[in-house]
Amino acid sequence: MPSNYQIKHTVQFPEQLDVPKDQSDNALFDILQENVIDNNAYCQELINKILKLPYAKLPDFFTHHCDFVADPIKWLNKFEKLISENEEMFVSRTMRGRMMKCHTIIESKRKELHVIVMQDESHQCNISMPNVRNGIFHSEK
């Protein structure tokens with residue numbers, strides 16, 4: 001595979017996860033601050049990562065980044081759009097499979113995060129209204 005894949009389109013990421021080289025604890029997944037001068041470079045680095053990583057590491061890559069951004073669902077949506085905007089890069093059969101795997105991982109991760117958000121909201125509701133379960137008030141006896 002070529003060392004770099006030139007993207008044609010970028011997407012504006014409201015939050016960029018990059019780390020200084022000396023603070024990187026995961027060289028496989030981290031986007032190095034030294035390589036990111038602007039949003040275009042960040043988009044390029046993300047695409048380079050997903051195209052170079054082994055298939056088996058792709059889910060861990062997305063999890064790693066979602067663990068550190070403030071709004072992981074928004075970040076995933078932007079990443080999905082970045083892939084779609086550069087779909088012409090995925091013309092070979094191997095690359096098309098990689099693109100589909102990334103879309104599947106993103107969708108799965110979004111569902112997982114949605115469940116976590118729903119559980120958190122449910123837990124918070126139970127704390128503020130301990131006598132209400134399943135929308136029904138239960139008096140203490």
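## Terms and model

A residue is called buried when its relative accessible area is under 20%, exposed when that area is over 50%, and partly exposed in between, using a 1.4 Å probe and protein chains only. The structure is a predicted model, in which local features need pLDDT of at least 70 and side-chain atom pairs count only at pLDDT 80 or more, while totals for chains, interfaces and linings use all residues. Residues are numbered from 1 along each chain as its sequence is written, and side-chain values use heavy atoms, with hydrogens and water left out.

## Overall make-up

The protein has 4 helices and 2 strands. Helices (H or I, at least four residues) and strands (E, at least two) are DSSP runs, numbered from the N terminus. Read from the N terminus, their order is α-α-α-α-β-β.

Of the 141 residues in the protein, 36% are buried. The protein exposes about 8900 Å², and 52% of this comes from carbon and sulfur atoms; the area is found by the Shrake-Rupley method with a 1.4 Å probe. A contact means heavy atoms within 4.5 Å. Among contacts with a separation of 6 or more, 66% join residues 24 or more positions apart.

## Helices α2 and α3

Helix α2 covers residues 58-68 and helix α3 covers residues 72-85; their axes are 9 Å apart and meet at an angle of about 135°. This makes α2 oblique to α3. Axes are lines fitted to C-alpha atoms, for helices over the stretch in contact, and angles run from 0 to 180 degrees between N-to-C directions. Angles under 35 degrees count as roughly parallel, over 145 as roughly antiparallel, 65 to 115 as roughly perpendicular, and the rest as oblique.

On the α2 side the contact is made by Phe61, Phe62, His65 and Cys66, and on the α3 side by Pro72, Trp75, Leu76 and Phe79. These residues divide into 7 nonpolar, 1 polar and no charged. Ala, Val, Leu, Ile, Met, Phe, Trp, Tyr, Cys and Pro count as nonpolar, Asp, Glu, Lys and Arg as charged, and the others, Gly among them, as polar.

## Two single residues

Lysine 109 lies in helix α4, residues 93-128. Lysine 109 counts as buried because its relative accessibility is 7%. Leaving aside residues up to four places away in sequence, lysine 109 touches Thr63, Cys66 and Leu76.

Glutamine 23 lies in the segment before α1 (39-52). With a relative accessible area of 57%, glutamine 23 is exposed. Glutamine 23 and glutamine 33 are 10 residues apart in sequence, and their C-alpha atoms are 10.0 Å apart in space.
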